[in-house]
Amino acid sequence: MTDFDTLVVGAGIAGLTVARILSGEGGRVVILEARDRVGGRVWTSRADGDVIDYGASWIHGVDNNPVADAVDAFGMRTVEFTVGSFQPGGRPIAYYSPAGTRLNAEDTERFVSDIHRFDEQFRLTVAASEPGTSYGSAVEAALAQIDWSNQRSMRVREFMRHRTEEQLGVWLDDLDAHGLDDDAIEGAEVVFPDGYDVLATSLAEGLDVRLEHEVTRVQWGQAGVSVDTSRGRFSAERVVVTVPLGVLKSPEFVFDPPLPEAHEKALARLGMNAFEKVFLQFPRKFWDEDVYAIRQQGEAGRWWHSWYDVSSTAGSPTLLTFAAGPCARETRKWSDAQIADSVLDALRKLYGDRVVEPQRVHVTRWQDDPYSRGSYSYMAVGSDRVDHDDLAIPIDDVLHLAGEATWTDDPSTVTGALKSGHRAAEQILGRAVPFEKIWAEPGH
C-alpha cells in the first residue's frame, strides 16, 4: 500500500496539468517541486512594481490553443503582441541597415518579400534534406537555388541565423534542419500585463504541492516507484517526471534502473539551449515611435540584433533583448552591468546621444539554474521529431515523462508543456479527457 497513486516531479505547467486532471478524477496525487514556487520556467518578477516575465512571455498563436482557453477561463488579461516568433512582418518593425540607418518603407517591403520568397524555397530544401543535415547547411543549399547578389543573400542568411537564435537559443549549425518545422503561428500572439505566472498559480489551486522538495533519484519497477527528495522519500504506484531536459540529462538526476534504450537515445539526441533575457528599464522612451520591435542588420547585429518594446506590460519604458546561443554562452559570466553596457553600445549606434542610462536592468540566468540548466529544448543535428514522442512512451505504466521536450508539434513552448501533461493524464487514465478538465476546479 502506498500513500499516493501518483507522484509528479516538477510543478511547472506540465506537472500542474497532469496533477490537476488526475486529482479531478479522484486520484491521490502529490507534486514534488525543488523550487520555492510553482511555475518552473514560467516565472514573473514584480520587483519595484514592474511586471517582468523572466521565463515564458508569449502565447505563440491563440487559435485552437488550450493554453489560450485556460487563460480565458482563469480570467487572465492579455495584450496582443504579434512579433514574438521572429516574424519578418507582424506588427510594425523598425529595420536598421548595417550602416545604422533606418530602412524606408520600400526597402523594408523588399527585405520582407525576400524572406517570404526564401522561406518558400527553404521548405522545399528542408523536405528534401538528408538525415543529419544542419539548419545552416539547409540555409546555404536554399540560397544556392536563388539567384541573388551577395549582399541580398547575406541579409537573408543573417535573418535565418537570428531566427534560430531567438526562437531556439541555438547557433544555426547546431540545429537540425527540421528544428523549426513547427514554426507556424495560428492566430495572434499575446503577452500578459499581470504576469504569465498567474496561469501556474491558478492551476496549482487545490493541489498538494510540496515546495523545496528537490528530487535526486527515481527508483521504479513493476511494484511501483519511490522517489528520494531533499526532505525524505515518497512512494506511489507511478511517477510522472516533468523536469526540464537539462535536468534529465544531468548526472545529478538519477533513474534507477536507467531509462530504456529508446528513451536514452532520444534524450541524448535532443539538446538544451542557452537563452537569456535582458530587460532594460529607462526613465523615458528614446527609440522609434509606433513600432513594436527594432532590428539591426549586418555585423553590428551579431549579438544584439532585436529589441522589443514591452513597456505596455512592464509598467515603465522597457526594451527586451535576448542573449542567445553563442552570445549567451560568451556573456554567461558577465555581470548584469557588463551585459547592459554592451547592449547600450549597440543602441547608441542607432540612436546616438538620445540613449539614456537605464534605471534598472534584469538579466536571466537560466543556464546557471540547477533546476532547469538552460531555457528549453531544441533538436540538435541528427535528432528526429520522433525523439520527442519516444521520450513520452509510458514505461510499464509506472514511469511517465512529460514536459515541453516530450511534445512533437509545439516543443519548447508552454503549449507543448500543457499538452504533454494532458497526454500523460490520458495515458494513466486509459481514456480521452477533454481539455476543459484542466481548468475545471479539482473534483468537478
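Predicted model: local features only at pLDDT ≥ 70, side-chain atom pairs only at ≥ 80, totals over all residues.
## Ground rules

Buried means a relative accessible area under 20%, exposed means over 50%, and partly exposed is in between (1.4 Å probe, protein chains only).

Residues are numbered from 1 along each chain as its sequence is written, and side-chain values use heavy atoms, with hydrogens and water left out.

## Overall build

The protein has 14 helices and 21 strands, where helices (H or I, at least four residues) and strands (E, at least two) are DSSP runs numbered from the N terminus. Its radius of gyration, taken over C-alpha atoms, is 22 Å, close to the 22 Å that the globule rule gives for 444 residues, so the protein is as compact as a globular protein of that length. The rule itself is 2.2 Å times the number of residues to the power 0.38. Along the principal axes, the C-alpha trace spans about 70 × 50 × 40 Å.

Of the 444 residues, 60% are buried. Taking contacts (heavy atoms within 4.5 Å) with a separation of 6 or more, 73% are between residues 24 or more positions apart.

## Two nonpolar cores

A nonpolar core is a set of buried Ala, Val, Leu, Ile, Met, Phe, Trp, Tyr and Cys residues joined through side-chain atoms within 4.5 Å. The largest one has 43 residues, and the members touching the most others are Phe118, Phe122, Tyr135, Val139, Met160 and Tyr308. Elements giving two or more residues to this core are β7, α3, α4 (135–144), α5 (150–168), β15 and β18. Helix α3 gives the most, with six residues.

Val139 makes a handy way in: leaving out residues up to four places away in sequence, Val139 touches Phe118, Phe122, Met160 and Leu172. There's also a second, separate core of 39 residues, which includes Val8, Ala70, Ala200 and Ala204.

## Salt bridges

The structure holds 33 salt bridges, each being a side-chain nitrogen of Lys or Arg within 4 Å of a carboxyl oxygen of Asp or Glu. A local one joins Asp107 and Arg110, with the closest N and O atoms 2.7 Å apart. Both residues lie in helix α3 (residues 105–127), three residues apart, or about one turn of the helix. Asp107 is partly exposed at 31% relative accessibility, and Arg110 is partly exposed at 41%.

Now for the partner of Lys285: the Lys285 side chain meets that of Asp309 in a salt bridge (3.3 Å, N to O). This pair links distant parts of the chain, 24 residues apart, with Lys285 in the loop between β15 (275–281) and β16 (293–296) and Asp309 in strand β17 (residues 306–309). Asp309 is buried, at 12% relative accessible area.

In the bridge between Lys419 and Asp410 (3.7 Å, N to O), the lysine, Lys419, is buried at 16%, whereas Asp410 is partly exposed at 21%. Elsewhere, Glu25, Arg431 and Lys437 are linked in a network of salt bridges.

## Helix α11

How far apart are the end C-alpha atoms of helix α11 (residues 336–351)? They are 22 Å apart, which agrees with the 22 Å that its 16 residues should span; the expected span is 1.5 Å times one less than the number of residues.

The buried residues of α11 include Ile339, Val343, Leu347 and Tyr351. Among the elements covering the buried residues of α11 are β7 (93–96), β18 (318–324) and β19 (360–363). Gly352 follows α11, and its phi is positive, near 60 degrees.

## Val29 and its surroundings

Val29 sits in strand β2 (residues 29–32) and counts as buried at 9% relative accessibility. Leaving aside neighbours within four places in sequence, Val29 is in contact with Phe4, Thr6, Val8, Ala19, Leu22, Ser23 and Asp208. The C-alpha atoms of Val29 and Gly15 are separated by 11 Å, the two residues being 14 residues apart along the chain.
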